[in-house]
Amino acid sequence: MLKETYLIKEMELQDLIRLLQEIRVEISSLKGEVKKKASERYFTVAETCELLKVSRSTLYRMTVNNDLPAKRVYRRLLFAEKDINQLLITRNE
């Protein structure tokens with residue numbers, strides 16, 4: 001078995017350490033963003049109708065007209081809380 005030994009100059013080592021620290025900070029910030037996305041809440045059709053005080057047909061029409069984006073998960077339509085809040089804000093302006 002051959003073992004290769006690498007000699008790293010002190011300057012190169014400091015550069016590598018600085019680079020690793022930058023990567024560590026970046027990973028930490030990305031973890032925070034992933035947690036925020038994972039915690040986003042979604043509502044079913046019935047829950048969204050209740051929140052918006054509209055009928056199911058109105059909600060479907062809003063979805064078809066792209067007034068309220070929806071995500072299809074298997075056979076269910078789900079609505080993001082942020083999209084519902086945005087719609088409510090624009091409706092009240």
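**Close-up views of the predicted model**

**Lys-53 lies in the loop that links α2 and α3.** This is a predicted model, in which local features need pLDDT of at least 70 and side-chain atom pairs count only at pLDDT 80 or more, while totals for chains, interfaces and linings use all residues. Residues are numbered from 1 along each chain as its sequence is written, and side-chain values use heavy atoms, with hydrogens and water left out. Helices (H or I, at least four residues) and strands (E, at least two) are DSSP runs, numbered from the N terminus. Lys-53 has a phi near 60°, a positive value in a residue other than glycine. With a relative accessible area of 73%, Lys-53 is exposed; the term means over 50%, whereas buried means under 20% and partly exposed lies in between (1.4 Å probe, protein chains only).

**The chain as a whole has four helices and three strands.** From the N terminus on, these elements run α-β-α-α-β-β-α. Of the 93 residues in the chain, 17% are buried. Among contacts (heavy atoms within 4.5 Å) with a separation of 6 or more, 49% are between residues 24 or more positions apart.

**Three strands form an open sheet in the order β1-β3-β2.** The pairing in this sheet is antiparallel, and two strands pair if DSSP finds at least two bridges between them. β1 (42-43) and β2 (71-73) each have a single partner strand, so these edge strands are left without a neighbour on one side. β2 runs antiparallel to β3 (residues 76-80), and three bridges join the two. Val-73 has Arg-76 of β3 as its bridge partner.

**Tyr-74 occupies the loop between β2 and β3.** Its phi is near 55°, a positive value in a residue other than glycine. Tyr-74 counts as exposed, at 78% relative accessibility.

**Helices α2 (residues 45-52) and α3 (residues 56-64) cross at roughly 95°, and their axes come within 10 Å.** Axes are lines fitted to C-alpha atoms, for helices over the stretch in contact, and angles run from 0 to 180 degrees between N-to-C directions. From α2, the contact involves Val-45, Ala-46, Thr-48, Cys-49 and Leu-52, and from α3 it involves Arg-56, Leu-59, Tyr-60 and Met-62. By class, seven of these residues are nonpolar, one is polar and one is charged. Ala, Val, Leu, Ile, Met, Phe, Trp, Tyr, Cys and Pro count as nonpolar, Asp, Glu, Lys and Arg as charged, and the others, Gly among them, as polar.

**Helix α4 (residues 81-92) lies across β1 and β3.** It runs at about 60° to β3.

**Eleven residues make up the largest nonpolar core.** Such a core is a set of buried Ala, Val, Leu, Ile, Met, Phe, Trp, Tyr and Cys residues joined through side-chain atoms within 4.5 Å. Its members are Phe-43, Val-45, Cys-49, Leu-52, Leu-59, Met-62, Leu-68, Leu-77, Phe-79, Ile-84 and Leu-87. At least two residues come from each of α2, α3, β3 and α4, and α2 gives the most, with three. Leu-87 touches Leu-52, Met-62, Asp-67 and Leu-68, not counting residues up to four places away in sequence.

**Thr-63 belongs to helix α3.** At 17% relative accessibility, Thr-63 counts as buried. Not counting residues up to four places away in sequence, Thr-63 touches Leu-68, Ala-70 and Phe-79.
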